[in-house]
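The following dialogue examines a structure step by step. Please consult the sequence and the model while reading.

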Amino acid sequence: MARLSLYRKWRPQEFDDVGGQEHIIKTLQNAISTGRIAHAYLFAGPRGTGKTTTARLLAKALNCVEGPTPNPCDRCENCIAIKEGRSLDVFEIDGASNRGIDEIRELRETVRFKATQGRYKVYIIDEVHMLTTEAFNALLKTLEEPPESVLFIFATTEPQKIPATILSRCQRFTFRRIPSDIIVNRLTEVSEKEGVEVEAGALRLIAETAQGGMRDALSLLDQAIAFSEATVTTKIVEEMLGLTDASVLRKLFAVLAKRELAEGLALIQSAINEGKDLMYFMESALQVARTLLIVKADKEAPLQSGEILLSMERDESLSLANSLENRFLVRTIEVLAEAIQKGKQTADPELFFEIALVKLVEEKVVESTTTIDNVALEDLNKKLNEQKKKLQEMEMQLKEGALQATENPDIATFWQEILLQLKSKKETLEFWAFLNVAEPIALQGQDLYITFPEAYEFHRANVENEKNKRLIESQLEMLTGRTIRLRIDENPDDRKDPNFLAKTQEVFGGTIIKPE
Amino acid sequence: MFARVIGQARAKKILQRAVEKEHLSHAYLFAGPHGTGKTTMAKELAMVLNCETGEGCGECSSCRRIGEGIYPDVKVIGPEGPSIKIDQIRLMCSFLAMSSYEGHYKVAIIRQAEKMRDEAANSLLKTLEEPPADSLVILTAENQYALLPTILSRVQKVDFQKLAQEEIISYLINRGLSKEEAVGLEEYSGGSLGKAIEIKDSESMRELYGDASKVVNNLQQLLPHEVIDIGAKIGKDRLQTIRFLDILTDVIRARSFKLNSNTKQDFGRVFGKEYAETQIAAILDYLEELKLYIEGYGNAQLALEGLFIRLRR
């Protein structure tokens with residue numbers, strides 16, 4: 001039953017077959033034909049993009065009987081030996097299992113000997129990022145100045161784990177993810193050569209799922225061929241991958257629009273029973289929500305991924321979008337993103353999908369508020385202004401009223417209260433100490449008359465000090481909520497002598513024109 | 001073929017077709033929840049490949065020896081302690097590199113592959129990509145997202161699902177449980193046959209199950225010291241606590257989200273109390289948080305007590 005899987009069987013044996021990495025292939029071929037081959041290369045890039053393949057091809061190109069040639073013959077003894085992995089000059093080393101310093105030392109020993117069959121000795125170290133620090137360092141001298149005709153090729157998915165001292169000694173090539181179109185072309189080619197009929201839609205689906213990895217794509221194709229009776233159809237691929245189809249997604253969004261929990265839970269349950277991949281379900285739902293937002297904002301937007309998932313025309317998706325509020329769609333994206341993340345963490349997407357659904361169904365349906373009546377708004381503003389004016393008037397009245405009301409208060413209690421409040425606060429405690437000994441006489445309007453007994457000359461002087469006085473007055477204002485001016489040892493009656501006019505006349509003479 | 005695996009129609013179909021068409025991959029990943037038959041299926045596949053009748057009869061010498069784990073060409077490895085170590089993988093790779101004793105397929109099964117440490121996983125890559133002829137590597141994992149992308153890209157993935165209620169219930173009845181017992185037990189299994197069997201057979205799981213049902217059914221009636229006692233007893237063991245929380249999660253979901261459940265009560269009737277949908281969702285979220293907290297070496301007893309207090313309010 002010795003059967004090679006497709007990705008091994010169809011591993012490219014010519015530079016032209018390596019898809020999606022033209023920038024690298026071109027450079028390498030030019031380097032070979034001009035004889036400017038570096039002694040160390042680093043191939044970095046995501047899984048399944050052709051790193052190991054290119055490394056083997058480079059080894060072939062250099063050791064081919066007709067070589068070094070940019071187009072190895074693939075027929076000569078050397079090419080075949082390399083292809084079958086039994087060449088004595090090409091060492092393919094698994095960096096992840098031979099990662100210690102001892103293995104590297106051993107390797108250094110063999111580097112000194114000349115190639116046996118071909119021209120170059122080629123060391124391909126795969127998964128080189130797993131070498132230990134000591135192993136890397138042991139390699140540095142050899143890597144900088146290797147013996148003639150020795151070539152190192154490092155391949156890795158994680159170049160950031162490689163020390164800078166290694167990086168600076170290599171020529172680095174970064175492999176890109178392979179675009180879907182190129183994957184589809186390659187898959188078509190392979191399935192033709194394999195003599196298997198595959199629907200175009202199925203190939204596209206496989207290419208999308210592979211996310212830029214050729215090996216992933218070929219592996220999926222392999223699985224699909226194994227799974228199907230004769231022709232590989234889109235439906236079979238969907239079933240194999242557990243992909244959610246458009247009708248289920250449409251149902252989900254109808255359920256969300258109605259906020260129907262029970263139906264939604266039943267939908268999840270049936271998706272599980274049919275063997276759907278819930279993670280993919282949630283991711284597609286998220287794409288759809290995003291698409292609906294975009295379509296709502298811009299009716300002319302180019303075709304969106306969510307529309308492909310729903311297999312809907314613009315009119316249809318727009319009418320679906322209008323049945324859901326923007327706020328709710330944003331919330332849907334947030335909730336689903338959280339569920340996806342948690343599902344990956346705990347490998348229980350079902351639970352988090354259910355929780356997400358409950359959260360979304362609980363979101364209230366909001367009445368449309370898109371058209372605000374401008375007239376009503378003005379009306380409201382007017383009313384607000386009126387209320388403001390009224391408030392200001394009331395404030396004014398209150399102030400005046402307060403002044404009148406306190407014309408003749410019980411001065412003793414008023415004074416006690418002030419003292420108490422002064423005492424209660426740390427910053428006014430000083431003033432309390434001074435004022436404590438004073439005696440209140442009267443409160444007329446803003447004027448508070450107080451007097452100090454003979455023995456407390458020091459206290460009086462302190463209170464009389466302009467600066468302190470202002471401070472005390474401002475404190476009193478804060479405490480009582482009104483302006484108060486301290487009058488020390490003044491006779492309140494002096495200022496309101498009923499006989500003031502008569503006395504004045506007595507002194508100055510003259511006539512009183514208006515008595516009041 | 002695969003008669004001894006319960007459910008998993010799709011997985012069976014995928015593998016059966018691959019075997020019949022002689023289109024088997026050299027590496028598979030069986031991904032799905034705990035106790036859904038991943039390892040059983042892996043062994044069954046090994047039997048099919050090495051069976052004298054080619055059917056995986058379970059009767060012939062090869063099948064029997066594979067079942068007992070003494071067949072020289074089938075090797076099962078799993079975590080030793082908390083993780084799978086690089087030496088285990090190296091040993092496994094050299095096992096595959098040698099030719100087979102019995103002249104058929106060599107099968108290496110790696111259980112809980114997500115527990116491979118980084119070095120171990122990386123050292124598997126080359127073998128996983130281009131293994132020796134007539135050899136098969138099967139990884140099983142509960143959380144496929146914890147595997148390296150470089151591993152995922154080299155294997156064919158076969159998804160395993162939680163089992164349907166009827167499948168578990170009828171299995172339990174076949175194993176000698178009464179209908180009521182089987183129905184009650186299924187509610188606590190969360191669709192995992194493995195868990196249902198564990199509860200049925202293992203003393204400690206039975207006890208845990210009893211505590212869980214006490215909490216689920218009469219939490220509000222228990223006296224405060226009884227609640228604290230439960231917390232103290234289970235909280236001593238981190239693993240027990242996580243299992244306990246798993247059971248709680250499963251039973252809450254069985255009672256509130258599974259609408260066709262045989263044991264379905266009014267939506268949200270758990271812990272002797274009515275809960276609104278959002279409250280249920282919040283409790284489930286909280287349970288997951290607690291699991292992460294305990295896995296992160298938080299204080300299990302404290303976590304349980306906090307949970308009970310919150311639920312009793």
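**Helix packing and chain contact**

User: At what angle do helix α14 (residues 278-297) and helix α16 (residues 314-322) of chain A pack, and how is it classed?
Analyst: This is a predicted model, in which local features need pLDDT of at least 70, side-chain atom pairs count only at pLDDT 80 or more, and totals for chains, interfaces and linings use all residues. Residues are numbered from 1 along each chain as its sequence is written, and chains are lettered from A and ligands numbered from 1 in the order in which they are written. The axes of α14(A) and α16(A) are 9 Å apart, at an angle of about 100 degrees (axes are lines fitted to C-alpha atoms, for helices over the stretch in contact, and angles run from 0 to 180 degrees between N-to-C directions; helices are DSSP runs of H or I, at least four residues, numbered from the N terminus). Since 65 to 115 degrees counts as roughly perpendicular, the two helices are therefore roughly perpendicular.

User: Which residues of α16(A) does α14(A) meet?
Analyst: Contact requires C-beta atoms, placed from the backbone, within 7 Å. From α14(A) come A:Thr291, A:Leu292, A:Val295 and A:Lys296; they meet A:Ser317, A:Leu318, A:Leu320 and A:Ala321.

User: Which helix gives the most to the side of chain A that touches chain B?
Analyst: In this contact, 41 residues of chain A face 42 residues of chain B. Helices α10 (214-227), α13 (261-273), α17 (326-346) and α18 (349-362) of chain A each supply at least two residues. The one that gives the most, with eight residues, is α10(A).

Conventions:
Angles under 35 degrees count as roughly parallel, over 145 as roughly antiparallel, 65 to 115 as roughly perpendicular and the rest as oblique. Two residues are in contact if their C-beta atoms, placed from the backbone, lie within 7 Å.
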